[in-house]
Amino acid sequence: MFKYLSKIILIFFILFVTLITYLSIFGIKTDKFNKLVDKSLVKTSNSLKIDLDEIYIKILPLDLMFEISTDNPVITVGRNSLNLKKISSNIKFKDFFKNGKKITNLNIDTNKNDIDSLIKIIRYYENNIQTMLIDKLIKNGSIQFSAQINFDEQGKIKDDYIIKGNVNTLDIELLNKK
């Protein structure tokens, strides 16, 4: 009896380790979260839209977190869009299974985008004299950036965010038309 019980426990343990290993390396593809992301973005702004393909969920067993990511999403605000390479975030196990899913961080990597579109999107949310002046000065160019944003317990952005990027072929026309 003990021999059969130990074999069954060993088989379950091997299956469990295999499943955790598979979910850590490959993860699961799903589109079930697309509507959830769309609803949360609509709460932020009615003109903000995101086009997602599939969302990948991987397990980070040593950190007790899920990594949720998507490739090649497109964010559109009005008539301006940003082509992203990847968006990823980590959610703690305990927060994932509660109703209030809390994101602790957000990593955004972009493809090359028209800098004019980025400025117009920024102006949509932060329309002040500085963004208006930048919009008037910059005529053409492309930008590619990476952002790492951390959130506190209330879901607000912490001040330790990092944004790195490259600007290519930037055309600036000064106020005196030079």
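**Notes on the predicted model**

1. The accessible surface of the protein comes to about 13000 Å², and carbon and sulfur atoms account for 60% of that area. The coordinates under discussion are those of a predicted model, and the points below should be read with that in mind.

2. On overall form, the protein contains five helices and 10 strands. Its radius of gyration is 22 Å, which is well over the 16 Å given by the globule rule for 178 residues, so the protein is more spread out than a compact globule. Taken along the principal axes, the box filled by the C-alpha atoms is roughly 90 × 30 × 30 Å. Buried residues make up 28% of the 178 residues. When contacts between residues at least 6 apart in sequence are considered, 53% of them join residues at least 24 apart.

3. On charge, there are 27 positive and 20 negative side chains in the protein, and the centres of these two sets lie 4 Å apart.

4. The largest nonpolar core is made of 25 residues, and I68 and F96 are the members with the most contacts inside it. At least two residues of this core come from each of β2 (48–51), β3 (55–60), β4 (65–71), β6, α4 (115–125) and β9 (138–150). In soluble globular proteins, nonpolar side chains tend to be buried together.

5. Is S88 buried or exposed? With a relative accessible area of 10%, S88 is buried, because that value falls under the 20% cut-off. Apart from neighbours within four places in sequence, the residues in contact with S88 are E67, I68, S69, N105, L106 and N107.

6. Helix α4 has I115, S117, L118, I119 and I121 as its buried residues. What covers them includes β5 (74–77), β6, β8 (113–114), α5 (129–137), β9 and β10 (162–172), a set that holds both strands and a helix.

7. Most residues other than glycine have a negative phi. L64, in the loop between β3 and β4, has a positive phi near 55 degrees although it is a residue other than glycine, and at 53% relative accessibility L64 counts as exposed. N72, in the loop between β4 and β5, likewise is not a glycine and has a positive phi of about 55 degrees, but N72 is partly exposed, with a relative accessible area of 47%.

8. Finally, I129 lies in helix α5, an element included in what covers the buried residues of α4. I129 itself is exposed, its relative accessible area being 56%. How far apart are the C-alpha atoms of I129 and L48? They are separated by 23 Å, and the two residues are 81 residues apart along the chain.

Methods
Residues numbered from 1 in each chain as written. Predicted model: local features only at pLDDT ≥ 70, side-chain atom pairs only at ≥ 80, totals over all residues. Heavy atoms only, no water. Buried < 20%, exposed > 50% of the residue type's maximum accessible area, 1.4 Å probe, protein only. Contact = heavy atoms within 4.5 Å. Helix = DSSP H or I, 4+ residues; strand = E, 2+ residues; numbered from the N terminus. Rg over C-alpha atoms; globule rule 2.2 N^0.38 Å. Areas by Shrake-Rupley, 256 points an atom, 1.4 Å probe, with all protein chains shown as cover. Lys, Arg positive; Asp, Glu negative; His and termini not counted. Charge placed at Lys NZ, Arg CZ, Asp CG, Glu CD. Core = buried A, V, L, I, M, F, W, Y, C linked by side-chain atoms within 4.5 Å.
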